[in-house]
Structures are given as C-alpha cells and as structure tokens.
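Follow the stops below in order.

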Amino acid sequence: MIPTLDISPLFGADVEHRDSVDRALAAAATGPGFVIVTRLAGDCPLDERSRADLAAIFALPEAEKRRLWRQKFAPRNANVYRGYFPVQNGAATYKEGIDLGPDLAHGPRIQADDDPLLEPTPLPDERSLPGWREAAARYYRAMEQIAALLMASLARGLAIDEAVFAAPFAQGISTLRMIHYPLRPPESFRGAEPAIAVEHEGEVRQLVGAPHTDSGILTLLNQDSTGGLQARGRDGRWLDVPPQPASLVVNFGKLLELWTEGRVRATEHRVLAAASPRLSIPFFYEPGAEALIQPLATSGQPPLAPFRYGDYLWKRMVKFVEFRGLERRTVAR
Ligand SMILES: O=C(O)CCC(=O)C(=O)O
Ligand SMILES: [Fe+2]
C-alpha cells in the first residue's frame with residue numbers, strides 16, 4: 001500500500017510532531033518512493049471546484065488551444081518547451097495537457113531569449129477564460145510553498161543540511177502541468193507501440209500513461225476521483241495510488257536520486273485507462289536553470305561531479321514522447 005501522511009505539523013511550530021513527519025517522509029522517499037500527503041494548511045486549492053476551474057482550459061475551442069501548441073505540433077508557434085501538447089495516436093500515452101512555467105506566477109523576471117527552458121509560457125486569452133491565469137498562478141505559488149516545506153522536512157529526515165535542499169530553488173523553473181486523459185478512441189491504437197495493453201491482476205487493461213520515472217526532484221500531483229495511477233513496488237508489482245480528497249500524491253524524481261546518490265528513490269509509475277476521462281495536475285518542483293547540483297557523498301565513495309540543472313534537464317526531457325523531435329534542434333543547450 002502507498003502510505004498516507006498527515007503533514008499538518010509542517011505548517012506550524014509543533015516541533016515534536018514535525019520530527020515524526022520528517023522521519024515518515026524520509027522513510028517514504030527511501031522506501032516506496034510514493035506517499036499521499038493530507039491536511040495541508042494555507043492557501044492550497046485542492047478541492048474539486050478549483051480543479052474544475054483549472055480544467056476549463058480543456059474545453060476551449062480547438063483553434064484557441066492550437067494557439068498554445070508547442071512548435072513540434074504547430075510549426076508556426078514560437079514556443080518549443082512550454083505550452084500545449086495535443087493527444088497523439090499510436091503511443092502508450094494518450095493525454096493532452098499544458099506545461100506552465102514560472103513566468104505564470106512570478107512574471108517575466110526569469111526569462112531569457114536564448115534559452116528554451118526560460119521561454120515565456122503561452123497562456124489562454126483572458127477574455128476566453130476570465131480569472132484562469134490568476135487561479136493558475138495562485139495554484140503554482142501554493143505548490144512552490146508546499147514543495148519547499150517538504151524539501152526542508154526531507155532534508156531533516158535524511159540528516160542533510162536544510163540549506164543544501166533549498167538553495168538551488170532560488171529562480172526555480174518549476175513546471176505546473178495540467179493533464180486531461182480523454183477516453184481512448186479506436187484510432188488511438190493505430191500503428192501503436194505494443195505496450196498499450198497490460199495485464200493487471202488477471203485482467204487486460206489499457207494504458208493512457210506509459211511507465212516512466214519523473215526527471216526532477218519532487219512531484220506534487222493533484223488527481224481527480226477517477227483513479228488509474230499506479231506505482232511500481234520494489235517487488236515489481238504495480239500498486240494503485242488511490243484518489244483521496246484534498247490530498248497530494250508526492251513522488252521523487254531521477255535528479256533527487258542522483259543528488260542523494262541513490263538514497264531517495266525515483267519510482268516508476270503509469271496510468272491505466274478508466275471508464276471515464278481523467279484529470280490530473282502534477283507540479284514538478286525544479287531548481288533554477290543555472291543552479292549547480294552537487295551530488296551528496298553518502299555512500300563513502302567520492303561524490304559524482306557537480307552539474308547544472310538546465311543541462312541535465314535538456315538531456316532527459318527530449319526522451320519523452322511529448323517532446324520527441326526536439327533532440328534534432330540545435331539549441332543553446
Ligand atoms: O496523471 C498522472 O496521474 C501521472 C502523470 C505523470 O506521471 C507525469 O506527468 O509525469
Ligand atoms: Fe510522472
């Protein structure tokens with residue numbers, strides 16, 4: 001079972017209870033690599049209504065969504081990294097979504113013309129979705145705050161200096177992703193990779209999200225009540241990550257695994273198709289593009305060489321289906 005953790009002590013001054021949260025979080029990070037956190041305080045819009053307000057973007061007319069498409073899907077658009085990705089037939093993953101960068105929440109202060117990782121996020125017209133930008137920005141900032149609290153807690157739980165897990169996130173380039181999984185129509189199987197159908201507990205099920213590990217540090221996922229998300233246990237078996245109201249699913253990425261020299265686990269996960277469409281909103285907490293990551297020497301061996309977050313990200317990102325094709329571009333990185 002995926003553990004559930006009441007993290008309310010992280011929001012207050014109750015140091016005694018905070019210690020037990022720190023320990024439980026570290027145990028989850030070094031064990032299953034997934035934990036469902038509950039009782040989040042502060043401005044944290046995790047209710048169904050707030051999720052539906054953000055999901056309104058998926059109901060926009062096709063032409064308006066197309067304006068937000070990444071260049072890979074709409075060659076005349078300028079954005080290569082942020083923006084909208086439409087569903088793609090013939091792949092295990094069947095979802096549409098939008099990737100939103102820090103300029104949404106903090107304005108253009110951390111943009112740069114020559115770096116695709118810092119490009120402006122294309123946003124829907126305010127007149128088409130009044131209040132959407134502000135709601136999305138508020139959500140982004142709420143997730144940044146929770147992620148910072150969780151990183152501090154994890155540092156304490158792993159006996160790592162809190163500052164080490166905080167400093168790289170100044171000027172962070174976190175990604176807020178909204179995902180809509182429509183029902184898979186027959187044409188989505190055409191020319192498909194063989195891995196769309198999987199057997200789970202004696203039943204043949206279809207995938208809508210291919211198995212993968214996240215690239216980054218910490219993912220905070222807000223899912224609706226549909227279900228389908230699964231995480232791979234150490235024994236190789238797939239475990240359901242069940243929806244729970246007003247909670248976030250927390251998992252850890254490859255970069256944190258690298259950073260902690262394997263202490264924290266980046267756990268594989270996937271999404272099974274359900275009987276109804278599904279909505280999920282992951283937030284990927286990410287360092288600044290120029291932040292230097294110095295792997296921690298935890299194993300008694302000399303640590304790996306330091307590297308810049310942006311360089312790491314670019315190499316990994318181009319392997320994902322939503323970005324495939326980008327590796328042929330000659331870009332700054
Ligand atoms: O939709 C989900 O529940 C999972 C999404 C996911 O794993 C991802 O975007 O990395
Ligand atoms: Fe993921």
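**Stop 1: the E9–E10 pair**

Select strand E9 (residues 229–232): E9 and E10 pair in the antiparallel sense over three bridges. Helices (H or I, at least four residues) and strands (E, at least two) are DSSP runs, numbered from the N terminus. Two strands pair if DSSP finds at least two bridges between them. Now pick Ala231. Opposite Ala231 stands Leu239 in E10.

A note before moving on. This is a predicted model, in which local features need pLDDT of at least 70, side-chain atom pairs count only at pLDDT 80 or more, and totals for chains, interfaces and linings use all residues. Residues are numbered from 1 along each chain as its sequence is written, chains are lettered from A and ligands numbered from 1 in the order in which they are written, and side-chain values use heavy atoms, with hydrogens and water left out.

**Stop 2: the five-stranded sheet**

Five strands form an open, antiparallel sheet in the order E6-E7-E12-E9-E10. Strand E6 (197–200) and strand E10 (238–240) are the edge strands, each pairing on one side only. On average, neighbouring strands in this sheet are turned by 45 degrees against each other, direction ignored. The axes are lines fitted to C-alpha atoms, for helices over the stretch in contact, and angles run from 0 to 180 degrees between N-to-C directions.

**Stop 3: the eight-stranded sheet**

Select the other sheet. Eight strands form an open sheet with mixed pairing, in the order E1-E2-E11-E8-E13-E5-E4-E3. The twist averages 25 degrees from one strand to the next.

Zoom in on strand E2 (residues 34–38) and strand E11 (residues 248–252). These two run antiparallel and are joined by four bridges. Val35 has Val250 in E11 as its bridge partner.

**Stop 4: ligand 1**

Which residues are closest to ligand 1? Of the 14 residues that surround ligand 1, the closest are Tyr181, His212, His269, Arg278 and Ser280. A residue is near a molecule or strand if one of its heavy atoms lies within 4 Å of it.

Show the polar contacts (pairs of N or O atoms within 3.5 Å; within protein, one must be able to donate a hydrogen and the other to accept it, and residues adjacent in sequence count only if both atoms are side-chain atoms).

- Tyr181: a polar side-chain atom lies 2.5 Å from an oxygen atom of ligand 1.
- Arg278: an N or O atom in the side chain is 2.8 Å from an oxygen atom of ligand 1.
- His269: a polar side-chain atom lies 3.0 Å from an oxygen atom of ligand 1.

Now colour the shell by strand. Strand E5 (175–181), strand E12 (269–272) and strand E13 (278–285) each supply at least two of its residues. E13 gives the most, with four residues.

**Stop 5**

Select Arg39, in the loop between E2 and helix H2 (48–55). Arg39 has a positive phi of about 55 degrees although it is not a glycine. Arg39 is exposed, with a relative accessible area of 55%. Buried means under 20% relative accessible area, exposed over 50%, partly exposed in between (1.4 Å probe, protein chains only).

Next, Gln171, in the loop between H5 and E5. Gln171 is not a glycine, yet has a positive phi of about 60 degrees. Gln171 is partly exposed at 46%.

Finish at Pro120, in the loop between helix H4 (103–106) and helix H5 (132–157). Pro120 counts as partly exposed, at 47% relative accessibility.
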